[in-house]
Amino acid sequence: MANLMNMLSNLIRGIGKSEKPQAVDWFGSYLDEDGIVADVIKRIREDDVALKRWLDPWSWKFPFTLSPVLYNPPPPDHAGCLVFAHRGIRNFYGLWHADNPHTEAQDVEVEDGVITDPRHPDNFSGRIVDRVKAELAKLYPRAVAA
């Protein structure tokens with residue numbers, strides 16, 4: 001389990017400017033949405049740094065601007081580290097795999113050129129992140145959830 005946590009640390013903890021990314025491999029089985037949400041929350045709660053970053057609004061914002069004087073004080077090193085958490089979830093949990101029974105990337109609903117199908121991996125991972133953030137906000141009400 002510890003090795004699995006190391007592989008997923010980019011996704012769960014987010015990477016700050018001075019931190020080196022680790023390889024993220026596929027989880028190895030297909031969990032449904034509830035299973036992924038529970039697994040991500042479990043992993044976050046086991047890692048103090050991850051928990052702080054998921055609850056910190058700076059982790060979800062791009063810290064880059066045209067003028068560094070816009071932020072006083074400057075953003076923390078980990079600012080923006082979770083902006084791509086959705087992609088990490090899609091890759092780690094195999095949401096793009098054709099064999100995944102919980103997602104569909106080909107035969108999907110499209111309205112006005114926008115993929116609205118809840119089974120699409122992008123929409124699926126977005127719901128997971130939203131649900132994880134909402135659950136963390138309930139579990140840690142004193143912290144400001146992003």
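What does the accessible surface of the protein chain come to, and what share of it belongs to carbon and sulfur atoms? In this predicted model, the accessible surface is about 8600 Å², and carbon and sulfur atoms account for 54% of that area. The protein chain has 146 residues, of which 38% count as buried.

The secondary structure of the protein chain consists of five helices and two strands. Read from the N terminus, these elements follow the order α-α-α-α-β-β-α. The contacts within the chain may be considered next. Among those between residues at least 6 apart in sequence, 61% join residues at least 24 apart.

Helix α2 spans residues 33–45 and helix α5 spans residues 121–139. Their axes come within 9 Å and cross at roughly 50°. An angle of 65 to 115 degrees would count as roughly perpendicular and one under 35 degrees as roughly parallel; α2 and α5 are therefore oblique to each other. The crossing in which α2 passes α5 is right-handed.

Which residues of α2 meet α5? On the α2 side they are Glu33, Asp34, Ile36, Val37, Val40, Ile41, Ile44 and Arg45. Their counterparts in α5 are Phe124, Arg127, Ile128, Arg131, Val132, Glu135, Leu136 and Leu139. By residue class, the contact of α2 with α5 comprises 10 nonpolar and six charged residues, with no polar ones.

Technical notes: Residues are numbered from 1 along each chain as its sequence is written. This is a predicted model: local features need pLDDT of at least 70, side-chain atom pairs count only at pLDDT 80 or more; totals for chains, interfaces and linings use all residues. Side-chain values use heavy atoms; hydrogens and water are left out. Axes are lines fitted to C-alpha atoms, for helices over the stretch in contact, and angles run from 0 to 180 degrees between N-to-C directions. Helices (H or I, at least four residues) and strands (E, at least two) are DSSP runs, numbered from the N terminus. Angles under 35 degrees count as roughly parallel, over 145 as roughly antiparallel, 65 to 115 as roughly perpendicular and the rest as oblique. A crossing is left-handed if the near helix is turned anticlockwise from the far one by less than a right angle, and right-handed if clockwise. Contact means heavy atoms within 4.5 Å. Ala, Val, Leu, Ile, Met, Phe, Trp, Tyr, Cys and Pro count as nonpolar, Asp, Glu, Lys and Arg as charged, and the others, Gly among them, as polar. Buried means under 20% relative accessible area, exposed over 50%, partly exposed in between (1.4 Å probe, protein chains only). Accessible areas come from the Shrake-Rupley method with a 1.4 Å probe; for residues, only the protein chains shown count as cover.
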